[in-house]
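Q: I'd like to learn how to read a structure I've never seen before. Could you walk me through a few features?

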Amino acid sequence: MPHVPTQADKEVLECLRQRQSFSMVAGAGSGKTTSLVDALKGLLTIEGPRMLRDGQKAVCITYTNRAAEVICYRLRQNPLCVVSTLHSFLWGEVRHFPKSIREALRLSVLPKRIARHKEDDNGGTSKKAMEARAKAAELEQALASLDSVQDFRYGDDTPFSNYPHGEIGHDDLISVTSYMIQTRQPLRRVLGQKYPYIFVDEAQDTSADIVAAFNAMCTGEGAPVVGYFGDPMQQIYDKGLGNFAGPPNSKVITKEENFRSAPEIISLLNAFRKDVTQVAAGCNSHKEGSVHITLVQAEKPQGQRGRYTEVQLQRTQLRLAEAIELWGWTKKRNAKQLFLVWRMIARRLGFLPLHDLFTGQFASTRATNAYEEGEHFLIKPFLETIIPLVKAHRNHDAGAVMRVLTTRTAAFRSGGAHSKKSIRQVKGIANEVAETLTHLFASANLGDVLRYCREKELIPTSERLNNHLDRTPREEQYDEDTHVEDKADWLADAFFTLRGTEVENYCNFLDENTSYSTQHGVKGEEYDDVIVVFDDTEAAWNNYSFAKMLTPQAAGEPRDSQRARSQKLAYVCFSRAVVNLRVVLFTSDPSAAKRELVAQGLLAESQISVLSDEEE
C-alpha cells in the first residue's frame, strides 16, 4: 500500500515552504519517524538544488545510533542530510574551539557544579556533607587548572569529565555546547549558514538547554528553521525536557493517527491522556484486539525496609503465573513480559547473584552501566566468544564452532597458533577445545573458565583482566572508606567464583533471547501480545508508584513526580501492544481498585478481574 501523507505531514511541508519552525506532537504508533523522513525528503525536493549550490545541508538529530542508521537508510544516504546523534553532532561542530570550551567550563559549567555540591555541604561531619565538600574542593582545583589544558577531547570512552586531562563527559558536552551557542552570536551565525534546517527526533528526551540553544539559533529574520518531532507523554528519561516547544511564532502540529495498535488498545491510550486523541488509521483499524487488567492482592511486606521476604517473592511469582493462566496465556511463549527493574527479571531468569554483584557495593557507577550495556571487561569475553562457542558445541554444530573460533579467537585466525596445521588437525583441536570449554563452563567457576580461554588464546585479555586473574584474591573485609579506590578487586574476585549458568542467562536476556524486558527498554518497539507487570513493592523504586498513579483513592495519592513518571512509563508500556494487552497490578485493595478504574473510565468492568484471598 503506497504511503499517503497525513494532515500533519501536509502541515509540516507547508511550514518548510514558508520557512516556519514547528513542533510535531505524535503519539505512540503514529509513524513519527515516517513523518520525519518524509519531511526531509520533501525539504530536499523544495530546497535541495539551492542547498547544493550554497554548500548547505539539513541536519537531523537522533537519540541513538540505531535510529540514525534507520533514517540514513530511508534517505538512501543522501549527502545533503547530516543524520547524527546529538553528542556526535555537537562535538563535531565545537571541537575546534578549545578557547570557547574553556570559557564555557570556567564561566558556567564548573561554577554550577561547585555551587550544587556546596548546597549539600552543611558544614557538618555527615558522610553526605563531607563528600560534597571534597567534591567541591576537587572541582575548584580543576577550575583553577583549566588554563594549563591545551586541548579537549570527547568520545564514547569518556562518559565522565576529567577536567585536568581535558576530557569532556556526556553531560558536560551538552552544557558546554548549549552555553556556547546561546552566548556566542558568531557561532550561531556560522551554524545557521551551514545548516539552514535542523530536525530533532525524540524531542521530549532532548535537554532543555539544547532546545533553548536551537531556539536561539532559529529566532529572527532569515534564521534557520527548526522542526521538533516527539511526544511529551513518552518522556521516560529524567534529563529530557518533556514538553518541548519551538522558537517564537513556530507552529504546533498534532498527528492523530495510530498505525500500530488495535482499536481496543487505542481506546485505553486515549483514556489515559487528554492532549492527543488518536484514531486507528491503517490496517490496525480492522484488527480485533483486547485489553484486560488483573488486580492481585498484594501481601504486606515482611522483609527489611518494606521489602518482600524470599518466601513472599516466591508467592508473588506464583500469583503472576495464576493471572497468566486465568487469561489462557500459559502457552503464549512469545508474549513480551515487561518489568520495571532489571532485578525483577534477573530473579526470574536466574542471574540474580550476578545482577546484585554488579549493582552492589563493589560496583562503581561506571561498572554498573557497563554491565547493563554488556560492555564490562569481565563479562564481554563470555558474551562475544565463550557462550557462543559453548552453545555451538552443545548443539553439535561443528560448522558454528569453527566460525566462532576462526572469527573471534587469536589461536585459530590466519597467522595464529594453529595456522600452519592441516585442516584435519585444526578440526581435531577445535573439537577438543570446545569440548573441554563446555565441560569447564558447566562444572568450574568463571575464573577457571577465563584462565583456560587465556591459555588457549580463545579470548583477548587486557592488562586489567590479566592482573585480576593473576593476583591473589583479596582476603580482607571490604571497607568503603579504606578500599573505595580498589573496589574493582572485590568485584572481580566475587565474579570469578560465580558459575556459567548465571552469566549465560544474563547473556540470553541481553541478546533478547527471552520474553522479558524492562519497561524502559521497549520504547520504540512493538509486540503482538504484551504483559505489563506493576508491583511497586518488588520493584522497590520509589520514583514510581503505579498503584497510586492508577488508583489514588485505593492506594493513596502519589507525589507529583511519581505520578508523572509512572503515567508516562505506563503509557509507553501499554502502547507497545499491537493486538492484545494484559496488565497485572499488585494492590492492597483489589476491590476498591476495580471500582476506581471503572469510575475513571479507563476500563469497563468486564475488562477487570481480581485475584485475592476472597476473589470476586
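Predicted model: local features only at pLDDT ≥ 70, side-chain atom pairs only at ≥ 80, totals over all residues.

Q: How is the chain divided into domains?

A: There's domain 1 (7-92 + 196-255), domain 2 (98-177), domain 3 (267-344 + 518-611) and domain 4 (375-513). Taken over C-alpha atoms, the centres of domain 2 and domain 3 are 41 Å apart.

Q: Which residues line the largest cavity?

A: Its lining is made of Leu268, Phe272, Val291, Ile293, Leu550, Phe574, Val583, Leu597, Leu602 and Leu603. Helix H10 (263-272) and strand E9 (290-297) each supply at least two residues of that lining. By class, the lining of the largest cavity has 10 nonpolar residues, no polar and no charged.

Q: And what about pockets: how much space lies in the second largest pocket?

A: That one holds about 610 Å³. It's lined by 20 residues, and the closest to its centre are Arg113, Lys135, Glu138, Phe160 and Ser161. Helix H5 (98-119), helix H6 (127-144), helix H7 (170-183) and helix H14 (365-373) are the elements that give two or more residues to this lining. H6 provides the largest share, four residues. Sorted by class, the lining of the second largest pocket has six nonpolar, seven polar and seven charged residues.

Q: Last one: at what angle do helix H15 and helix H17 pack?

A: In general, two packed helices are described by the angle between their axes and the distance between the axes. Here, helix H15 (residues 380-394) and helix H17 (residues 423-443) pack at about 105°, and their axes are 9 Å apart. Angles of 65 to 115 degrees count as roughly perpendicular, so H15 is roughly perpendicular to H17.

Q: Which residues make the contact?

A: On the H15 side you'll find Phe382, Ile386, Ile387, Leu389, Val390, His393 and Arg394. H17 brings in Asn431, Ala434, Glu435, Leu437, Thr438 and Phe441. By class, the contact of H15 with H17 has eight nonpolar, three polar and two charged residues.

Methods: Residues numbered from 1 in each chain as written. Heavy atoms only, no water. Axes fitted to C-alpha atoms, helices over the stretch in contact; angles between N-to-C directions. Parallel < 35°, antiparallel > 145°, perpendicular 65-115°, else oblique. Contact = heavy atoms within 4.5 Å. Nonpolar A, V, L, I, M, F, W, Y, C, P; charged D, E, K, R; others polar. 1 Å grid on protein atoms, 1.4 Å probe; cavity = no way out; pocket = protein on both sides within 12 Å on 5 of 7 lines; lining within 4 Å. Domains from an automatic or database assignment. Points joined across faces, edges and corners; volume = space filled by probe spheres on them.
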